[in-house]
Amino acid sequence: VQLQASGGGLVQAGDSLRLSCAASGRTFSTYAMGWFRQAPGKDREFVAAINWNTGSTKYSPSVKGRFTLSRDKAKNTVYLGMNVLKPEDTAIYYCAADRNWVGIQGAPDFWGQGTLVTVSS
């Protein structure tokens, strides 16, 4: 599975941004997709995940209520809508995919390249 992330950029606090991640290749093996992020000097952390078949989602407490993860099955693409962005959301965001629900939240099998999100105060 190959993952192509896009949509990062520089925004101000309170603004919105939408990230996209398109999957290609052996996508039949994908059960879930999601996003992680890594802020400068910090470990990579789970942000959100979506069950590819049912559409059910899970979010980290730090983004719940502000971020929305959705998928377009026809385009093999997931979208991370980010609202009310805060400076602490500044990070490199990585798209990920896995063959099971536990894996997508911990150590996904597949990773895309990162896309930088910078939120200025």
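The legends below describe close-up views of a predicted model.

The model is predicted, and local features require pLDDT of at least 70, side-chain atom pairs count only at pLDDT 80 or more, and totals for chains, interfaces and linings use all residues. Residues are numbered from 1 along each chain as its sequence is written, and side-chain values use heavy atoms, with hydrogens and water left out.

**View 1. The disulfide of Cys 21 and Cys 95.**
A disulfide is a pair of cysteine sulfur atoms within 2.5 Å, and by this rule the count comes to one. The sulfur atoms of Cys 21 and Cys 95 lie 1.8 Å apart. The link of Cys 21 and Cys 95 is left-handed, with -80° about the S-S bond. It links distant parts of the chain, with Cys 21 in strand β3 (residues 17–24) and Cys 95 in strand β9, 74 residues apart. Helices (H or I, at least four residues) and strands (E, at least two) are DSSP runs, numbered from the N terminus. Cys 21 is buried at 0% relative accessibility, and Cys 95 is buried with a relative accessible area of 0%. Here buried denotes under 20% relative accessible area, exposed over 50%, and partly exposed the range in between (1.4 Å probe, protein chains only).

**View 2. Strand β1 beside strand β3.**
Strands β1 and β3 run antiparallel and are joined by five bridges; two strands pair if DSSP finds at least two bridges between them. Along β1 (residues 2–6) the side chains alternate between two faces. Ala 5 stands opposite Cys 21 in β3, and Cys 21 is the residue that forms a disulfide with Cys 95.

**View 3. The surroundings of Thr 77.**
Thr 77 belongs to strand β8 and is buried, at 7% relative accessibility. A polar atom of the Thr 77 side chain lies 2.8 Å from the backbone oxygen of Lys 75. A polar contact is a pair of N or O atoms within 3.5 Å; within protein, one must be able to donate a hydrogen and the other to accept it, and residues adjacent in sequence count only if both atoms are side-chain atoms. Leaving aside neighbours within four places in sequence, Thr 77 is in contact with Ser 20, Cys 21, Ala 22, Trp 52, Ser 70, Arg 71 and Asp 72, where contact means heavy atoms within 4.5 Å.

**View 4. The salt-bridge network of Arg 37, Glu 45, Arg 66 and Asp 89.**
A search of the whole structure finds four salt bridges, each defined by a side-chain nitrogen of Lys or Arg within 4 Å of a carboxyl oxygen of Asp or Glu. Arg 37, Glu 45, Arg 66 and Asp 89 are linked in a network of such bridges. Within this view, Glu 45 and Arg 37 meet through their side chains at 2.6 Å, N to O. Glu 45 is partly exposed at 34% relative accessibility, whereas Arg 37 is buried, with a relative accessible area of 5%. In the bridge of Arg 66 and Asp 89, the closest N and O atoms are 2.7 Å apart. Arg 66 lies in the loop between β6 (57–59) and β7 (67–72) and Asp 89 in the loop between β8 (77–82) and β9 (91–98), so the pair ties together parts that are 23 residues apart in sequence. Arg 66 is buried at 10% relative accessibility, and Asp 89 is buried at a relative accessible area of 0%.

**View 5. The salt bridge of Arg 99 and Asp 109.**
The closest N and O atoms of the salt bridge between Arg 99 and Asp 109 are 2.9 Å apart. This pair links distant parts of the chain: Arg 99 is in the loop between β9 and α1 (101–106), and Asp 109 is in the loop between α1 and β10 (110–120), ten residues apart. Arg 99 is partly exposed, with a relative accessible area of 48%, and Asp 109 is partly exposed at 37% relative accessibility.

**View 6**
Rings of Phe, Tyr and Trp (its six-membered ring) pair if their centres lie within 6.5 Å; planes under 30 degrees apart count as stacked, over 60 as edge-to-face and the rest as tilted. By this rule the count comes to three aromatic pairs. The rings of Phe 36 and Phe 46 are edge-to-face, with centres 5.7 Å apart and planes at 80°. Phe 36 lies in strand β4 (residues 32–38) and Phe 46 in strand β5 (residues 45–51), ten residues apart. Phe 36 is buried at 4% relative accessibility, and Phe 46 is buried at 16%. The rings of Phe 36 and Trp 111 are also edge-to-face, with centres 5.1 Å apart and planes at 65°. That pair links strand β4 to strand β10, 75 residues apart. Trp 111 is partly exposed, at 34% relative accessibility. Phe 36, Phe 46, Tyr 94 and Trp 111 form one aromatic cluster.
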